[in-house]
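Keep the model open and follow along.

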Amino acid sequence: MASTPLPPATAPAQGPTTVVIDLGDRSYDIVIGEGLLDSPDFFSGLPKASKALIVTNTTVGPLYTAKLRQALTPHYKAVLDIELPDGEQYKDWPALNQIFTALLEQAADRKTVLFALGGGVVGDMTGFAAACYMRGVPFVQVPTTLLAQVDSSVGGKTAINHPAGKNMIGAFYQPQRVLCDLTTLDTLPQRELLAGLAEVIKYGPIADTEFFSWLETNLDKLLSRDREALKYAVKRSCEIKAWVVGQDEKESGLRAILNYGHTFGHAIESGLGYGEWLHGEAVGCGMVMAADLSARLGLIDTTTAQRIQALIARAGLPIRGPNLGADRYLELMQVDKKAEGGEIRFVVIGPMGQATMQGAPESLVRDVIAAHTC
């Protein structure tokens, strides 16, 4: 477990607030606030370059590329952009190669800065492209979905999917800065908002029981997009993730707890075909299954597992997975990144607010799958 205590929760300051990812000379800020895209000042202090490339998708680009370009123009001689197709099913080699092609066609050098404008798919692929192009160029995360703001844009995990497994091809590569403009959530479809709430909810069972209680009390405000509630949820989520990543950047131990619900969830995504369920939907259902497994292992009582399930259901997330068959679930989970020596390893809760990773008897896993699929 962690060697340093979780920082206490505090109310966000008026105006933009900052959470620091402490990684020595690779430390960076997560800036959370409203109207960040409207001010060039938030893009100052980044690596100097003559060119910047905005990587976005066909949904987000028409909404925010012009704003980001205007904010970047005072800092770069040329601001280029590329729009990728939108959807988890396009988190693949062909889309990644579109980024490389744009960089090469524009004669981008090793100082060119990439800006990931979009959700988790855009952020993951832009980061992976930045890690690979000329063996590493700087990039900045500008997440426009709740899921990306509280999870995927923070911590330097970059990847693309493979038909045999989600996020199996990638690299750890940290951004220079993360800019979470809460006003971009105004254009987020409700289904995407709910998917993001899954990644917010996960921080309670794994690290912060008080935050979980706060979510139970304030969920309706989050569902109605109350700006102050969203700001607190994003800030506290980022604080918890920063605390974990600062101690275990490469996921050799503690950081694995951030994958609570993901072993089951990734199996759902891969088994159905990427894009059928949103990532957060699959994780939400996966957290229900992982909580049940924790109870069956005797780590938490059934009341706690039911409490987790109740909040996920209130958030409008699925609590029953597709009936892929237990054998297919097990097959997919055996190629999960957390599997070791063919043994499937799960993030389990016990007690509430603490998480560990361990294996489980196959019979119990089958019982969980049977109880939570339809």
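Six of the seven residues of strand 3 are buried, so strand 3 is largely enclosed by the rest of the structure. Buried means under 20% relative accessible area, exposed means over 50%, and partly exposed lies in between (1.4 Å probe, protein chains only). Strands here are DSSP runs of E with at least two residues, helices are runs of H or I with at least four residues, and both are numbered from the N terminus.

A word on the source. This is a predicted model, in which local features need pLDDT of at least 70 and side-chain atom pairs count only at pLDDT 80 or more, while totals for chains, interfaces and linings use all residues. Residues are numbered from 1 along each chain as its sequence is written, and side-chain values use heavy atoms, with hydrogens and water left out.

Back to strand 3. Its partner is strand 4 (residues 78-84), and the two pair in the parallel sense over seven bridges. Two strands pair if DSSP finds at least two bridges between them.

Next comes strand 9 (residues 177-181). Five of its five residues are buried, so strand 9 is largely enclosed by the rest of the structure. In a regular strand the side chains alternate between the two faces of the sheet. In strand 9, Arg177, Leu179 and Asp181 point one way. Val178 and Cys180 point the other way, and all of these residues are buried. Strand 9 runs parallel to strand 2, and five bridges join them. Here Ile30 stands opposite Val178 in strand 9.

Now for an antiparallel pair. Strand 7 (residues 157-162) and strand 8 (residues 165-172) pair in that sense over five bridges. A hairpin links strand 7 to strand 8 through two residues. Lys157 stands opposite Phe172 in strand 8. Strand 8 also holds Asn167. Asn167 is not a glycine, yet its phi is positive, at about 55°. Is Asn167 buried or exposed? Asn167 is buried, with a relative accessible area of 16%.

**Loops and backbone details**

Met134 also has a positive phi, near 50°, in a residue other than glycine. Met134 sits in the loop between helix 3 (120-132) and strand 6 (139-143). Its relative accessibility is 34%, so Met134 counts as partly exposed.

Pro47 lies in another loop, between strand 2 (28-33) and strand 3 (51-57). Pro47 is partly exposed, with a relative accessible area of 26%. Which residues does Pro47 contact, leaving aside its neighbours within four places in sequence? They are Tyr76, Val113, Pro138 and Gln176. Contact means heavy atoms within 4.5 Å. Pro47 and Gln176 are 129 residues apart in sequence, but their C-alpha atoms are 8.2 Å apart in space.

Pro351 lies in the loop between strand 10 (346-349) and strand 11 (355-358). The peptide bond from Gly350 to Pro351 is cis, with omega near -5°. Move on to Thr356, found in strand 11. At 35% relative accessibility, Thr356 counts as partly exposed. Thr356 and Leu254 are 102 residues apart in sequence and 8.0 Å apart in space, C-alpha to C-alpha.

**The whole chain**

Step back. The chain has 13 helices and eleven strands. Its radius of gyration is 20 Å, close to the 21 Å that the globule rule gives for 374 residues, so the chain is as compact as a globular protein of that length. The radius is taken over C-alpha atoms, and the rule is 2.2 Å times the number of residues to the power 0.38. Along its principal axes the C-alpha trace spans about 60 × 45 × 35 Å.

How much of the chain is buried? Of the 374 residues, 58% count as buried. Among contacts with a separation of 6 or more, residues 24 or more positions apart account for 77%.

The chain exposes about 14,400 Å², and carbon and sulfur atoms supply 50% of it. Accessible areas come from the Shrake-Rupley method with a 1.4 Å probe; for residues, only the protein chains shown count as cover.
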